Amino acid sequence: MKEMRTSFINKKMIPLFSFILGIYHLSGQTITIPIATENNVIVMQTDNNNRLRTIYFGKPLENESEYAGVSANYNYDESNAGIYNSSYTPAGTWNLSEPAIQVKHGDGNPSLELKYVSHNKKIIDANTSITSILLKDPIYPFEVTLFYKVWTKENIIEQWTEIKHKEKKPVLLQKYASANLYFAGKDFYLTSFQGEYLKEMQPTEAKLLQGIRTVDSKLGTRAMLLQTPNFMISFVKPASENEGTVMIGQLAWSSNFKLDFEIDSHKNLRLIAGINPFASEYSLNPNETFKTPSLIYALSNNGTGEASRNLHDWARKYRLLDGQGERLTLLNNWEATYFDFDENKIKDLFKDAKDLGVDLFLLDDGWFGNKYPRNNDDAGLGDWQENKKKLPSGLGYLVKEAKKEGVKFGIWIEPEMVNPKSELYEKHTDWVIKQPNRTEIYYRNQMVLDLSNPEVQDFVFGIVDNLFVKNPELAFIKWDCNAVIYNAYSAYLNKKG
């Protein structure tokens, strides 16, 4: 405990608005851990059983000592459900509400307890810090570390967990959320984003009622076809552009996800976000670390506009490659030619591109495959050699011709997919995700390759690497993903999930 570093609230910040979270009576020594941005703070605290709870969300209070008083005045425990405001809710012991983590130990025991051990705050720069909180099971050598990376000025928090153990046998992870948050207040409004083909990101707002509202995907890829891992929560009243407390969040995970928004019996909100536990059991070996994807969220007390601007500023500065640089204007041949083109037709398209203000030309789908030419979407995926009839001079020729016209050249690929009508499928049916003894199911006449297989990983890497080695002036790749995953099964792992 002597080595533990504790963060402190900026005492100059006077609160105008706050929500009190997960409150209970404490006895004995407690540890208080604030996760503070410039205008908001989430506070966690240990109870008299050394379990970690979320006790406060809102504007920072003037004195850190006030948080202990806040937690002493309220009690949101529920004897028929456990502890609602646990900062990372385990399954199988004291909890009966929706868990953040569920495991089966090496000896078959399905219970888990997590108690606070220590925490540490690392200052990265004047604007950025990472707080880590270590929780351990008192019986089994199993631990979870909660991470909170904060960008103070932008009011952005990135949250994830890391799980490991030292048991003699592998532990089966059945659920492993990235974040488990708790908010107390009067009313909560959720904006989620529904989707379908060519109609993605359609917002819908609804007041959250008691029970669980789940936003999830089991599609494997292309979540935008159904629901997305993006959301907005507005507190007290529906979201507005310039006023009110809001959270804008996204799970940084492009596969199956699950967001649970639960209004508990005290009318408070529990939020659990992470990889969808559906068909996702993971066998964790001793001394290995499982890191979950991040939940990234922006907090604002001045409506969705401020939160959105902060999130975009953060992304440009900290996440996007050259996010604060210039963007190239791109001309794509797809709507002009679809699959029907040759190298002369492509040359004609980018001849006047520079005069139109175009910086970059992209050759889209249809440039590859010889035994099974890619002349429509039912053949050729997996066979990444230039089609000799369409491109007799090769891609390198087009790259040079584009350069003569003053534009850069890019290419379309989809190397994680395969058509059954391809040389790759004929040679490597074991590389394809599909259930044995079941009829193959296609989406856009294609299936997904098994990227858990190291040979497939090398194949996909090799496609990208080979393109750049042969064409070092290639400027851009459009990497598509046009199929969901049916009949999920890995021949390499000999398992589903």
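The second largest cavity holds about 60 Å³ of space. The model is predicted, and its structure has three cavities of 30 Å³ or more.

**Second largest cavity**
- Strands E12 (171-183), E18 (257-263) and E19 (269-275) are the elements that each give two or more residues to the lining of the second largest cavity.
- E19 contributes the most, with four residues.
- Among the lining residues are Lys175, Tyr176, Lys258, Asp260, Ile272 and Pro277.
- By class, this lining has six nonpolar residues, one polar and three charged.

**Largest cavity**
- The volume of the largest cavity is about 70 Å³.
- Its lining includes Ile433, Lys434, Glu440, Met447, Val484 and Tyr486.
- Seven of the lining residues are nonpolar, two are polar and two are charged.

**Second largest pocket**
- The second largest pocket has a volume of about 410 Å³.
- It is lined by 16 residues, of which Tyr197, Trp334, Arg444, Asp480 and Asn482 are the closest to its centre.
- The lining of this pocket has seven nonpolar, two polar and seven charged residues.

**Gln159**
- Gln159 sits in strand E11, which spans residues 156-165.
- Gln159 counts as buried because its relative accessibility is 3%, and buried means under 20%.
- The side chains of Gln159 and Tyr297 are joined by a polar contact of 2.8 Å.
- Beyond its neighbours within four places in sequence, Gln159 has contacts that include Phe147, Tyr148, Asn180, Pro293 and Tyr297.

Conventions
Residues numbered from 1 in each chain as written. Predicted model: local features only at pLDDT ≥ 70, side-chain atom pairs only at ≥ 80, totals over all residues. Heavy atoms only, no water. 1 Å grid on protein atoms, 1.4 Å probe; cavity = no way out; pocket = protein on both sides within 12 Å on 5 of 7 lines; lining within 4 Å. Points joined across faces, edges and corners; volume = space filled by probe spheres on them. Nonpolar A, V, L, I, M, F, W, Y, C, P; charged D, E, K, R; others polar. Buried < 20%, exposed > 50% of the residue type's maximum accessible area, 1.4 Å probe, protein only. Polar contact = N/O pair within 3.5 Å; in protein donor to acceptor, adjacent residues only side chain to side chain. Contact = heavy atoms within 4.5 Å.
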